[in-house]
Structures are given as structure tokens and as C-alpha cells.
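Please read it with the structure at hand.

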Amino acid sequence: MAIPKEGYFKLEQGRYGPIYPRTPANYGFTVIAKVKPGREDAIREYGKTIEQAVRDSPIVLAPLRLHYLRWVLFDVGSGLHFMYQGIFDTDFDKYLEDAVALFLKTGITTVFVNLEGWPEDWSTNLPAVIKFFRDHQRPSFLEYGEYPYVTADEVKKALRVKGALSTMLDQMQ
């Protein structure tokens, strides 16, 4: 699906700004922001924190309804930048609401505290968090999904059915 430069086909206002469309890859966003000086190691360490949280509780990120999450650090000549790409099953605004609620519930500080422009009062100022994400969102202009419009729950269900069928067929041999 080719997506217009604005990130939407028809301007519709959501709770916090334009509603971005569901595409064959579902919902998602790409946020790019400059890293505060000296914070690269903190960001990399935070990746390990998330890995450990998922290892300790495989459903810790479940409220986000994620398909994929990708973090990239890169220097474009003006300093280190962080790119956060996520594909998920809820709309943009709900994802952000759920993410802030998740961080507050788990007590895990968000990686975004290491980025320039992140609101210091993020835990009590959802509108400022939404503004940060909308200001740093870079809409994609093409999205493709090998399994278009399928939710993460449907993918997991299909894998469970496949596993059960494989088990059944193995027992029949």
C-alpha cells in the first residue's frame, strides 16, 4: 500500500491528532530522535532491560499488541540518533496510552528519557508524550504485509493450531 506523504489518505482527527491508517502491515510508526550526549550506553543497556523483562514474564509487553519492535542507533553527521519502529494491532494513540500505562505499572523507565525533547514529566503528562511521538513520527510511504491485516493474536493462534496438528499427525504414525 502506497501511503501519502502526510501519513494518511483522508484527514480524520483522533484523540491526539490525525488518525494514521491501518495498512497491510497493521498499525505502526517510526520515531526518530536525537540521543542526548553520552547516553548511547544507557540506551543499549535498556535493550537488555527489556530483554530481561520479557524473559522474566513473556507477556509483559502483551498490552502493546506488538508484531515487531526494532531499535536502531545511527549517526547522520549531526550526532547519534535513535530510531524506534513498531508494528502493532492498535491505533497510534491507543498504543501510546498503553505504553505509558505499561511503564508506570511495571516501574520500568522508558528508553525515551535518553532522547532530546522527551518531556521530563512524561509519567504524568500524557499529552506531552503524545506530542513528542507525533513530532518525531516519520510516516512510511509504502507498507507491505505478507499476511495482510492479520493480528498478532491470529498469527499466534494459527501457530498453536499448526503445532497441535503436527503433534496429532506425529502420533498417528
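The model is predicted, and local features are described here under a confidence requirement, a pLDDT of at least 70. About 520 Å³ of space lies in the largest pocket, while one cavity of 30 Å³ or more is counted. The largest nonpolar core has 32 residues, and the structure holds 20 aromatic pairs.

**Pockets**

- The largest pocket has a lining of 29 residues, and those that lie nearest its centre are Ala25, Gly28, Gly86, Ile87 and Glu143; the elements that give two or more residues to this lining are β1 (27-34), β2 (66-75) and β3 (80-88).
- Divided by class, the lining of the largest pocket holds 14 nonpolar, eleven polar and four charged residues.
- The second largest pocket holds about 240 Å³ of space, and the residues that line it include Val54, Pro58, Ile59, Leu61 and Ala62, together with Arg65, Asp89 and Lys156.
- Helix α4 (residues 152-172) gives the most to the lining of the second largest pocket, namely three residues, and the lining as a whole divides into seven nonpolar, no polar and four charged residues.

- By class, the lining of the largest cavity consists of 20 nonpolar residues and one polar residue, with no charged residues.

**The nonpolar core**

- Within the largest nonpolar core, the residues with the most contacts are Phe29, Phe82, Phe112, Leu115, Phe132 and Phe133.
- The elements β1, α1, β3, α2 and α3 each give two or more residues to this core, and α2 gives the most, with seven residues.
- In soluble globular proteins, nonpolar side chains tend to be buried together.

**Aromatic pairs**

- Among the 20 aromatic pairs, that of Tyr46 and Trp71 is stacked, because the ring centres are 5.8 Å apart and the planes stand at 15 degrees.
- Tyr46 lies in helix α1 (residues 40-56) and Trp71 in strand β2, so this pair ties together parts that are 25 residues apart in sequence.
- Tyr46 counts as buried because its relative accessibility is 9%, under the 20% limit, whereas Trp71 is partly exposed, with a relative accessible area of 27%.
- The rings of Tyr84 and Phe112 have their centres 5.2 Å apart and their planes at 55 degrees, so this second pair is tilted; Tyr84 lies in strand β3 and Phe112 in the loop between α2 (92-106) and α3 (126-136), so that the pair links distant parts of the chain, 28 residues apart.
- Both Tyr84 and Phe112 are buried, and Phe112, not counting residues up to four places away in sequence, touches Phe82, Tyr84, Trp118, Phe132 and Phe133.

**Thr151**

- Thr151 is placed in the loop between α3 and α4, and it counts as buried because its relative accessibility of 18% is under 20%.
- Apart from neighbours within four places in sequence, Thr151 is in contact with Arg22, Asn26, His67 and Asp89, and Asp89 is also one of the residues that line the second largest pocket.

Methods:
Residues are numbered from 1 along each chain as its sequence is written. This is a predicted model: local features need pLDDT of at least 70, side-chain atom pairs count only at pLDDT 80 or more; totals for chains, interfaces and linings use all residues. Side-chain values use heavy atoms; hydrogens and water are left out. On a 1 Å grid over the protein atoms alone, a cavity is a set of points where a 1.4 Å probe fits but cannot get out, and a pocket is an open set with protein on both sides within 12 Å along at least five of seven lines; lining residues have an atom within 4 Å of a point. Grid points are joined across faces, edges and corners, and a volume is the space filled by probe spheres set on the points. Helices (H or I, at least four residues) and strands (E, at least two) are DSSP runs, numbered from the N terminus. Ala, Val, Leu, Ile, Met, Phe, Trp, Tyr, Cys and Pro count as nonpolar, Asp, Glu, Lys and Arg as charged, and the others, Gly among them, as polar. Rings of Phe, Tyr and Trp (its six-membered ring) pair if their centres lie within 6.5 Å; planes under 30 degrees apart count as stacked, over 60 as edge-to-face and the rest as tilted. Buried means under 20% relative accessible area, exposed over 50%, partly exposed in between (1.4 Å probe, protein chains only). A nonpolar core is a set of buried Ala, Val, Leu, Ile, Met, Phe, Trp, Tyr and Cys residues joined through side-chain atoms within 4.5 Å. Contact means heavy atoms within 4.5 Å.
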